[in-house]
Amino acid sequence: MIKFDNVSKKFPLGNLALNNISFEIEDNEFVFLVGPSGAGKTTILKLILREFLPTSGSIIVNDFDLTGKKFNRLEDLRRKIGVVFQDFKILPEKNVFENVALSLKVSHIAEKEVKKRVKEALELVGLPNKSQVFPIQLSAGELQRVAIARAICGEREIIIADEPTGNIDPKTTWDILKIFKKLEGKKTIIIATHNVDIVNSLKKRVLVIKEGKLIKDNRKGGYEL
Amino acid sequence: MKDLLISIRRTPYQSLANFLVLFFNLFLSLIIIFLLCFLYGLLNYVESRPQVTVYFKTETAESDIFKLRDTLMNSGKVESIKYISQEEAFNIYKELNKDNPLLLEMVSADILPASLEIYAKKPLYLPEIAEFLKKQPGVDEVNFQKVIIDRLLTLTNIIKKSSFVFFGFLVFITIIILMTITNFKVALKKDEIELLRLLGADGFYIKKPFINEAIFFGFFSSLTAFLIFDAIIFYLNPFMNSYLKGINSLVLNFEFYKLVVWPINWQFLLIIFSLTTFFGIIISIAASLIAIEKYIK
């Protein structure tokens with residue numbers, strides 16, 4: 001479960017990224033985080049990852065209370081969260097297998113187990129034969145699939161994706177969404193996007209953020225600009 | 001190993017600089033360690049020679065000599081004393097001049113003095129012992145190697161102190177340069193480190209490749225320095241042999257172990273190689289850790 005309780009985030013230069021936001025996301029729920037650029041979507045994702053702390057309010061992610069300044073379980077928290085970035089963040093000098101395996105190796109999982117789980121993840125994202133290929137040989141859509149494979153590997157219970165289809169063509173966008181659909185009910189999925197078509201097609205819960213405020217929590221899905 | 005080689009291939013100039021700095025440092029360290037061991041071995045050798053020899057007048061009674069010997073032994077400043085009687089002195093004389101019958105005919109045991117060969121616990125006590133002996137009745141002459149030991153002691157102390165200063169300076173420079181090089185490498189891997197942090201990597205997982213690289217460079221630089229140093233030592237060996245003619249061995253005395261420094265032997269070389277390798281790896285790791293620490297906070 002992810003719980004934001006009256007969370008505000010003010011950056012040192014004074015701009016208020018989040019203004020008193022409260023919401024709860026249940027385990028294995030599929031949620032879209034939508035809103036225009038600069039609304040505060042990425043800030044919410046970064047707060048979940050504890051890349052920075054809220055200025056006020058409290059954040060609970062599973063059994064981790066992220067509010068306090070003293071927090072010595074950062075690695076444990078992040079090993080529970082898989083992240084998919086708009087710019088993929090795939091390491092160019094490592095092949096597909098090695099890129100996906102990173103997600104498991106940071107948790108010190110045995111080599112044999114790593115091989116098995118990476119194979120499963122690559123099959124899930126539709127890249128079973130690309131494990132030895134290097135990123136430079138892949139298309140943007142394939143790179144994003146590698147990123148998703150990396151995010152879902154291991155014991156990661158929450159998948160957060162920040163504009164995962166922002167850099168890919170419409171056809172590939174739907175392929176990527178199909179992968180997220182496959183994970184539905186197995187992991188908590190939070191996708192930040194401003195793509196109305198995607199959000200409306202999947203009919204999942206939508207949290208609408210605007211100017212740092214939660215203006216709508218539509219549990220039936222659907223979103224209008 | 002694969003990651004290590006990829007890292008070296010990706011940053012060839014930084015890697016070369018890393019290697020050269022460590023090599024230079026370790027090569028100089030080897031020379032310093034060798035020089036210090038050699039000097040201490042030489043000091044031990046000189047100290048193991050009779051340090052004070054006191055010759056008695058021929059009329060001095062043996063009982064007086066023994067009394068003096070006991071007094072010296074009880075002073076706590078003397079390691080051992082060897083008594084050479086007139087007869088023994090004559091035997092030594094005969095042995096030394098066995099090829100010269102004329103010299104043997106001219107000398108009898110009566111005219112050779114009895115003597116005591118005294119080994120002090122510390123070279124520091126030598127002048128004191130010599131002064132004490134000079135004042136004793138029945139003493140004819142006191143010889144002691146003060147000048148040689150003093151000079152050797154002074155030289156060893158100067159080299160030891162200047163080596164420490166030089167060594168400290170060398171370590172400081174090496175760490176600064178290695179840190180700068182590692183900083184470059186870390187900057188090149190900034191994205192990877194950021195990603196690893198987001199995936200939940202702990203500090204050690206991120207540091208590990210840098211530590212592995214530090215160990216690799218520490219060992220490889222030390223090995224190269226050692227091989228070049230060995231080549232020089234074996235090239236100079238004949239010259240040193242002729243220079244140190246008459247000295248059978250130079251030994252360093254540790255509490256439970258005696259290390260032969262001269263003649264050059266593999267055991268000694270292996271020990272100084274291990275020391276420099278250990279030192280190389282430690283400073284290499286230290287520099288890497290200091291450089292990377294700020295990136296993983």
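**Where the chains meet**

Q: How many residues of chain A are in contact with chain B?
A: 12 residues of chain A touch 11 residues of chain B. Keep in mind that this is a predicted model.

Q: Which helices of chain A supply at least two residues each to that side?
A: Two helices of chain A do: α2 (74-78) and α3 (96-105).

Q: And what kinds of residues are on the side of chain A that touches chain B?
A: That side has 5 nonpolar, 2 polar and 5 charged residues.

Q: New topic. How is chain B divided?
A: Into domain 1 (2-47 + 150-293) and domain 2 (50-144). The centres of these two domains of chain B are 48 Å apart, taken over C-alpha atoms.

Q: What about the sheet in chain B: in what order do the strands come?
A: The order is β2-β3-β1-β4 in chain B. It is an open sheet of 4 strands, with antiparallel pairing.

Q: Which strands are at the edges?
A: β2 (78-84) and β4 (139-144) of chain B. Each of them pairs on one side only.

Q: How much are neighbouring strands turned against each other?
A: By 15 degrees on average, ignoring direction.

Q: What packs on that sheet?
A: Helix α3 (residues 62-74) of chain B does, touching β1, β2 and β3 of chain B. Its direction makes about 170 degrees with that of β2(B).

Q: Back to the strands. How many bridges join β1 and β3 of chain B?
A: 4 bridges join β1 (residues 52-56) to β3 (residues 115-120) in chain B, and the two strands run antiparallel. As one bridge pair, B:Val52 partners B:Ile118 in β3(B).

Methods: Residues are numbered from 1 along each chain as its sequence is written. Chains are lettered from A and ligands numbered from 1 in the order in which they are written. This is a predicted model: local features need pLDDT of at least 70, side-chain atom pairs count only at pLDDT 80 or more; totals for chains, interfaces and linings use all residues. Domain bounds come from an automatic or database domain assignment. Two strands pair if DSSP finds at least two bridges between them. Axes are lines fitted to C-alpha atoms, for helices over the stretch in contact, and angles run from 0 to 180 degrees between N-to-C directions. Two residues are in contact if their C-beta atoms, placed from the backbone, lie within 7 Å. Ala, Val, Leu, Ile, Met, Phe, Trp, Tyr, Cys and Pro count as nonpolar, Asp, Glu, Lys and Arg as charged, and the others, Gly among them, as polar.
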